[in-house]
Amino acid sequence: HNQPHKLTETSLIALMQKDIDFSSRHNLSILTNHYSATPHHSGVYPVHDPLYQAWDKLGHVYVTSTEQYPSLWPHFMRRGFKFQSISVLPRQVCGLYTSTNYFGDFKGGEKAFYRSVRGGSVFETLLYNPVNIFMTHFSNYAADNLAQNLFEELISFVVKWTRIKLTYKPPVELANIYFNTFPEDVLPIWNLPCDTLHNSRHAEIYTGDITCKRKPGVILVGPQKTGSTALLSFLVNLPQFSASYKDKETFEEIQFFSNTTRYLYGPDWYQKRFPLTLNTTLIEKSATYFDHELSPKRIHTLLPHSRIIIILRDPVERTYSWYQHQIAHKNQIAVKYKFIQVLENSFSDKNTRLAVSKLRSRCVDPGLYHKHIVNWLKYFTADKILFLDGGAITTDPVSVLRQVVEFLNISVGSELSSSLRFETKKGYFCPVS
């Protein structure tokens, strides 16, 4: 009854190998069903990377399940997802636990037991969820034989009173059916395990070497070429702020919420991108978030208390600035064609139009401010979002910094003015080191 979230990958592999050897000697179905569950849902969700890595390396488990994603209640909201190479299916409860060996142990007694399957909670679970895995616990197949009794009664009720067709499928086939039915569930939506806003149970089965103190309270979401990099450098120059670590690929940005490959690394990976600090406000800046359709939802689910900063400048100037940025980075299309040619994209050659269309989209789409702001307001109330003038970051950065600290209710004092100086040769403000 080991809890995986407390164990390393090496120790998990050693324990699983014992299970595999035992199953092989006794011809048990673990090797053919390719399904495994964990005690207390530990390690499945919230995800514990070493558990999934151990399953993947040993290659004996393709499917697991949990009742904890995205949260335990309500039951009809439980969903499945895929993480690494493993399919995770929603697991349902039926009122049977290790302590319910007799009718008298069932909450509400025998009447409640039968009521749960004759139109009650267990029947409703079946009704709302076309694909079901139920946990019944071993002890309920002894004593009063509650597990077998409950499902015989449930099936009899369904057959007699409904037109629902019930079919049994082995775990791997069940997973294929689930994700063919709900393809939108393949990608998980992470929440923060130690945030009791979602589920206090998650904190109890969360890996011990990660602390939820390594989470940003402020997200600078861009868009690109509006001054977000400059603003970040000004803020982290103040002792009240700290930012995420530099990244080899994306420099000062993590791009966790807009890059699906990175997002699938999971919340543990994300938190490790930040320093462990108690006395400063953590900031993340990724300018790709603003116009990414899923970023607002992903950020709100993982960091529901975060504040959002959006920087706006003249959209035409921003678009041209991004075009020039692409030329500086040797984008072949940008180098070959003038700005007006990219915008008009009236080329007769189909392949040329397609290539130019991709560049045009990246130039223009982030500047469609109304479209993207509406998406952010679906998840964050207006008082949680600060809009800044990108032009003022260049001409009057101290006033912009003052807006930020007032928005975050942070006391800075006279440090703002002394933290920046205007570099005459460069023609812009720089942080004072």
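User: How much space lies in the second largest pocket?
Analyst: About 820 Å³, in this predicted model.

User: Which elements give two or more residues to the lining of the second largest pocket?
Analyst: Helices α9 (228-236), α13 (315-328) and α18 (390-395) do, and so does strand β11 (428-431).

User: What classes of residue make up the lining of the second largest pocket?
Analyst: The lining has 15 polar, 10 nonpolar and eight charged residues. Gly counts as polar here.

User: Why is His-325 called partly exposed?
Analyst: The relative accessible area of His-325 is 24%. Buried means under 20% and exposed means over 50%. The value falls in between, so His-325 is partly exposed. This residue sits in helix α13.

User: How far apart are the C-alpha atoms of His-325 and Lys-225?
Analyst: They are separated by 8.6 Å. Along the chain, the two residues are 100 residues apart.

User: What makes Lys-378 exposed?
Analyst: Its relative accessible area is 60%. The cut-off for exposed is over 50%, so Lys-378 passes. Lys-378 is in the loop between α17 (369-377) and β9. Its C-alpha atom is 39 Å from that of Arg-118, and the pair is 260 residues apart in sequence.

User: Where does β9 stand in the open sheet of five strands?
Analyst: The order is β6-β7-β5-β8-β9, with parallel pairing. Strands β6 (241-243) and β9 (385-389) are the edges.

User: What makes β6 and β9 edge strands?
Analyst: Each pairs on one side only. On average, neighbouring strands of this sheet are turned by 25° against each other, direction ignored.

User: How do you know that β8 and β9 pair?
Analyst: Five bridges join β8 (residues 307-312) to β9. Pairing needs at least two bridges, so these strands qualify. They run parallel. Ile-311 has Leu-388 in β9 as its bridge partner.

User: Which helix lies across β6, β8 and β9?
Analyst: Helix α19 (residues 397-407) does. It runs at about 175° to β9.

User: What makes β1 and β3 a pair?
Analyst: Four bridges link β1 to strand β3 (residues 86-92), in the parallel sense. At least two are needed, so the strands pair. Ser-65 stands opposite Leu-89 in β3.

User: Why are both faces of strand β1 called covered?
Analyst: Val-63 and Ser-65 are buried on one side. Thr-64 and Thr-66 are buried on the other. Buried means under 20% relative accessible area. Both sides have buried residues, so both faces count as covered.

User: What kind of peptide bond joins Tyr-45 and Pro-46?
Analyst: A cis bond, with omega of about 0°. Pro-46 is in the loop between α2 (30-33) and α3 (49-58). Tyr-69 and Pro-70 are also joined by a cis peptide bond, with omega of about -10°. Pro-70 is in the loop between β1 and β2 (81-83).

User: What is the phi of Asn-145?
Analyst: Positive, at about 55°, although Asn-145 is not a glycine. This residue lies in the loop between β4 (133-134) and α6 (146-161).

User: Why does Asn-145 count as partly exposed?
Analyst: Its relative accessibility is 27%. That lies between the 20% and 50% cut-offs, so partly exposed is the call.

User: Why does Lys-330 count as exposed?
Analyst: Its relative accessibility is 66%. Lys-330 has a positive phi of about 60° although it is not a glycine. Its loop runs between α13 and α14 (332-336).

Notes. Residues numbered from 1 in each chain as written. Predicted model: local features only at pLDDT ≥ 70, side-chain atom pairs only at ≥ 80, totals over all residues. Heavy atoms only, no water. Axes fitted to C-alpha atoms, helices over the stretch in contact; angles between N-to-C directions. Contact = heavy atoms within 4.5 Å. Buried < 20%, exposed > 50% of the residue type's maximum accessible area, 1.4 Å probe, protein only. 1 Å grid on protein atoms, 1.4 Å probe; cavity = no way out; pocket = protein on both sides within 12 Å on 5 of 7 lines; lining within 4 Å. Points joined across faces, edges and corners; volume = space filled by probe spheres on them.
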